[in-house]
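Open the model in your viewer and keep the selection tool at hand. We will go stop by stop.

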Amino acid sequence: MFRSMLVRSSSSAKQSLLRRGFSSGSVPERKVAILGAAGGIGQPLALLMKLNPLVSSLSLYDIANTPGVAADVGHINTRSEVVGYMGDDNLAKALEGADLVIIPAGVPRKPGMTRDDLFNINAGIVKNLCSAIAKYCPHALVNMISNPVNSTVPIAAEIFKKAGMYDEKKLFGVTTLDVVRAKTFYAGKANVPVAEVNVPVIGGHAGVTILPLFSQATPQANLSGDVLTALTKRTQDGGTEVVEAKAGKGSATLSMAYAGALFADACLKGLNGVPDVVECSYVQSTITELPFFASKVRLGKNGVEEVLDLGPLSDFEKEGLEALKPELKSSIEKGVKFANQ
């Protein structure tokens, strides 16, 4: 009884310390804009960003229904002011002064839809939004969630280049969901607490281009080759698993919002000068022959401070790396071609 009271009192002391640590005086003002905030990912992402004490201003934008989402989220008693913006005429206001722009806009994948089908719709949406970012908040960090990320990040890069506003350190493809899944699935098989697990995931953000490096997982567990192969496949097919389980009623919106909020938090910490913030992300890269590649990245005040090397790979992972390159190369080229049409 006495011990539980001690635990409670020390945890409440910790919480009040945390609250004081996050008081607006000690944390910089940061505006975060979410483009596509009324959608399946956008709404839970808006909720999670409203809970983030590093955010002082939350700007929610979509083509419809944003004022309702903003009114709902805006009633939550946390630090950030929330404004909802709707329609093309208000995109400039939504973006002006943003430190971080998160883009979950577009349509989700439905059963039977190929990534090409997704591409045909979402590529145009991303192109328009990135043109506006280049104009109204060219120095913001951009977190791309809209699929197919393997192509939408190269599209964004080309649009920013055309506007004379490209900074490769500030453009990120959010691949955090692959890491979240790899950690969850690995912890289940290794029978270790998931909170202690870390698994880097490299490559891209679709199917076979997703390569979890279980050989570098911590804590290390002695899993058989067959189990590691199955874990890799499950991580690669995680999105399809959710689409099928939802039986045509949606895709991975909640877990994606969680992963998007985790990565956004890491970006904000980097901007605020927190040292040694390292996350996996799909960025412009020279660690392989491909111009964009997901790997561990150190985040800082300028966005990408350093792209970290891949580290030692198992033979299975080396094979996976060579196998993913042609598909990732073709997705990148497709995005570049679309942007320059």
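Select cysteine 130. This residue is buried, with a relative accessible area of 0%. Buried means under 20% relative accessible area, exposed means over 50%, and partly exposed lies in between (1.4 Å probe, protein chains only). Cysteine 130 takes part in no disulfide, and the nearest cysteine sulfur, that of cysteine 137, is 9.8 Å away. A disulfide here is a pair of cysteine sulfur atoms within 2.5 Å.

Move to cysteine 280. It is in no disulfide either; the nearest cysteine sulfur belongs to cysteine 267, 13 Å away. Cysteine 280 is buried, at a relative accessible area of 6%. How many disulfides does a search of the whole structure find? The count is 0.

**Before going on**

This is a predicted model: local features need pLDDT of at least 70 and side-chain atom pairs count only at pLDDT 80 or more, while totals for chains, interfaces and linings use all residues. Residues are numbered from 1 along each chain as its sequence is written, and side-chain values use heavy atoms, with hydrogens and water left out.

**The whole chain**

Zoom out. The protein chain has 11 helices and 11 strands. These are DSSP runs numbered from the N terminus: helices are H or I with at least four residues, strands are E with at least two. The radius of gyration is 20 Å, close to the 20 Å that the globule rule gives for 341 residues, so the chain is as compact as a globular protein of that length. That radius is taken over C-alpha atoms, and the rule is 2.2 Å times the number of residues to the power 0.38.

The C-alpha atoms fill a box of roughly 65 × 50 × 40 Å along the principal axes. Buried residues make up 49% of the 341 residues. Among contacts between residues at least 6 apart in sequence, 69% join residues at least 24 apart. Contact means heavy atoms within 4.5 Å.

Select residues 100-103, strand β4. Both faces are covered: Leu100 and Ile102 are buried on one side, Val101 and Ile103 on the other.

β1 and β4 pair in the parallel sense over 3 bridges. Two strands pair if DSSP finds at least two bridges between them. Look for alanine 33, which stands opposite valine 101 in β4.

β4 and β5 pair in the parallel sense over 4 bridges. Valine 101 stands opposite valine 142 in β5. From β4 the chain crosses through helix α5 (residues 115-136) to β5, and this β-α-β crossover is right-handed. Right-handed means that, with the strands pointing away from the viewer, the path from the first strand over the helix to the second runs clockwise.

**Strands β2 and β3**

Select residues 57-62 and 81-86. Strands β2 and β3 run parallel, joined by 6 bridges. Leucine 60 stands opposite glycine 84 in β3. Helix α3 (residues 66-74) carries the chain from β2 to β3 in a right-handed β-α-β crossover.

**Helix α7**

Select residues 176-190. Why call α7 largely enclosed by the rest of the structure? Because 11 of its 15 residues are buried. Among them are Leu177, Val180, Phe185 and Tyr186. The buried residues of α7 pack against several elements, including β7 (201-203), α8 (225-236) and β9 (277-284).

The end C-alpha atoms of α7 are 21 Å apart, in agreement with the 21 Å that its 15 residues should span at 1.5 Å a residue. The expected span is 1.5 Å times one less than the number of residues. Just after α7, asparagine 191 takes a positive phi of about 60 degrees.

**Helix α10**

Go to residues 254-271, helix α10. α10 is mostly covered, with 13 of its 18 residues buried. Glycine 273 follows α10, and its phi is positive, near 85 degrees.

**Two last stops**

Select glutamate 306, in strand β11 (residues 303-307). Glutamate 306 is partly exposed, at 37% relative accessibility. Leaving aside neighbours within four places in sequence, its contacts are Lys296, Val297 and Arg298.

Finish at alanine 163, in the loop between α6 (149-162) and β6 (171-173). Alanine 163 is partly exposed, with a relative accessible area of 42%. Its C-alpha atom is separated by 9.4 Å from that of proline 138, 25 residues apart along the chain.
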